Amino acid sequence: MPRFQTVIRKARFVYSPYTAYEMQGFAQVLADSIRARIQSGQNIYDQAAAPLKPGKPGRRGYPDYKAARGLQPIRDWTWSGHTLRCLKVLTANENRAAIGFLDEAMPGRRQTASQIAFYNNQRERQWGVSPRDRQAVLAAFLARPIVMLKAA
C-alpha cells in the first residue's frame with residue numbers, strides 16, 4: 001500500500017483546436033481589418049462615418065486643418081497616425097486573443113492612444129467589429145486546414 005497518494009487540486013483543460021500562434025494570426029487579421037476600415041472613414045456598421053464638424057464663420061475648422069496638411073478631411077482617426085499605429089494584438093493564447101491600443105503617449109502629449117481611441121469612439125462608433133471585419137476573420141478561420149482523424 002502506498003504511503004503517499006497524489007491529489008490533483010487543479011486541472012486545466014483546453015478544448016480549443018487552435019494554438020496560441022494561430023489565435024494571434026486571427027487577431028492580427030481582425031486588427032488589420034479594423035485599421036483599414038477606420039482609415040477609410042467607415043463606422044462599425046460599414047457606413048460612411050459622420051462628417052467632421054466645420055469651423056465657425058470666419059474661422060477654420062478641423063477639416064480645414066487636415067486638408068491643409070494634405071490629409072483627407074474625413075473622420076478617419078488620422079492626424080499623426082500614432083493612434084492607429086498603437087492598435088496591436090495585446091495577448092493571445094489557445095482560448096482567446098485580445099486586440100487593443102498600447103498605452104503609449106506620443107511625445108509632448110498627455111493622452112495615451114487608448115484614451116484618444118475612447119474619446120473618438122464617443123463621437124462616432126468606429127472601434128469595434130463590423131460585419132465586414134467579422135467576415136474577414138471567418139475567412140481566416142475557414143482557410144485553416146482541417147485535420148480529420150479516421151478510426152482504423
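1. Let's start with helix 4. In this helix, which spans residues 113-123, the buried residues are A113, I116, A117, N120 and N121. Buried here means under 20% relative accessible area, while exposed means over 50% and partly exposed is in between, using a 1.4 Å probe and protein chains only. Those residues sit on the same side of helix 4 because they cover an arc of only 135° around the axis. The arc is taken from the directions that run from the helix axis to the C-beta atoms. The cover over the buried residues of helix 4 includes helix 3 (82-85) and strand 2 (97-101).

2. A quick word on what you're looking at. This is a predicted model, so to speak of local features needs pLDDT of at least 70, side-chain atom pairs count only at pLDDT 80 or more, and totals for chains, interfaces and linings use all residues. Residues are numbered from 1 along each chain as its sequence is written, and side-chain values use heavy atoms, with hydrogens and water left out.

3. Now the overall layout. The protein chain has 5 helices and 2 strands, and along the sequence they come in the pattern α-α-α-β-β-α-α. Helices (H or I, at least four residues) and strands (E, at least two) are DSSP runs, numbered from the N terminus. The chain has 152 residues, and 31% of them count as buried. If you take the contacts with a separation of 6 or more, 60% of them are between residues 24 or more positions apart. Contact means heavy atoms within 4.5 Å.

4. How do the strands fit together? Strand 1 (residues 87-92) and strand 2 run antiparallel and are joined by 5 bridges. For two strands to pair, DSSP has to find at least two bridges between them. The link from strand 1 to strand 2 is a hairpin of 4 residues. To find your way along the pair, look for T91 opposite A98 in strand 2, and for K88 opposite G100 in strand 2.

5. Next, the largest pocket, which holds about 490 Å³ of space. It is lined by 20 residues, and the closest to its centre are Y62, W77, I116, N120 and R123. A pocket is found on a 1 Å grid over the protein atoms alone: it is an open set of points with protein on both sides within 12 Å along at least five of seven lines, whereas a cavity is a set of points where a 1.4 Å probe fits but cannot get out; lining residues have an atom within 4 Å of a point. Grid points are joined across faces, edges and corners, and a volume is the space filled by probe spheres set on the points.

6. Which element gives the largest share of the lining of the largest pocket? That is helix 4, with 4 residues. Helix 2 (62-68), helix 3 and helix 4 each supply at least two residues of this lining. By class, the lining has 7 nonpolar, 7 polar and 6 charged residues. Ala, Val, Leu, Ile, Met, Phe, Trp, Tyr, Cys and Pro count as nonpolar, Asp, Glu, Lys and Arg as charged, and the others, Gly among them, as polar.

7. The second largest pocket has about 210 Å³ of space. Of its 13 lining residues, F26, A27, L30, V137 and F141 lie nearest its centre. Two or more lining residues come from each of helix 1 (20-39), strand 2 and helix 5 (131-143), and helix 5 gives the largest share, 5 residues. The lining of the second largest pocket divides into 10 nonpolar, no polar and 3 charged residues.

8. Go back to N120 in helix 4. N120 counts as buried because its relative accessibility is 18%. N120 and W77 are 43 residues apart along the chain, yet their C-alpha atoms are separated by 7.5 Å. W77 lies in the loop between helix 2 and helix 3 and is buried, with a relative accessible area of 10%.

9. D76 also deserves a look. This residue is in the loop between helix 2 and helix 3. Is D76 buried or exposed? D76 is buried, at 6% relative accessible area. Apart from neighbours within four places in sequence, D76 contacts I38, Q39, G41, K66 and L84.

10. One last thing, about the backbone. Most residues other than glycine have a negative phi. W77 has a positive phi, near 60°. D46, in the loop between helix 1 and helix 2, has a positive phi near 60° as well.
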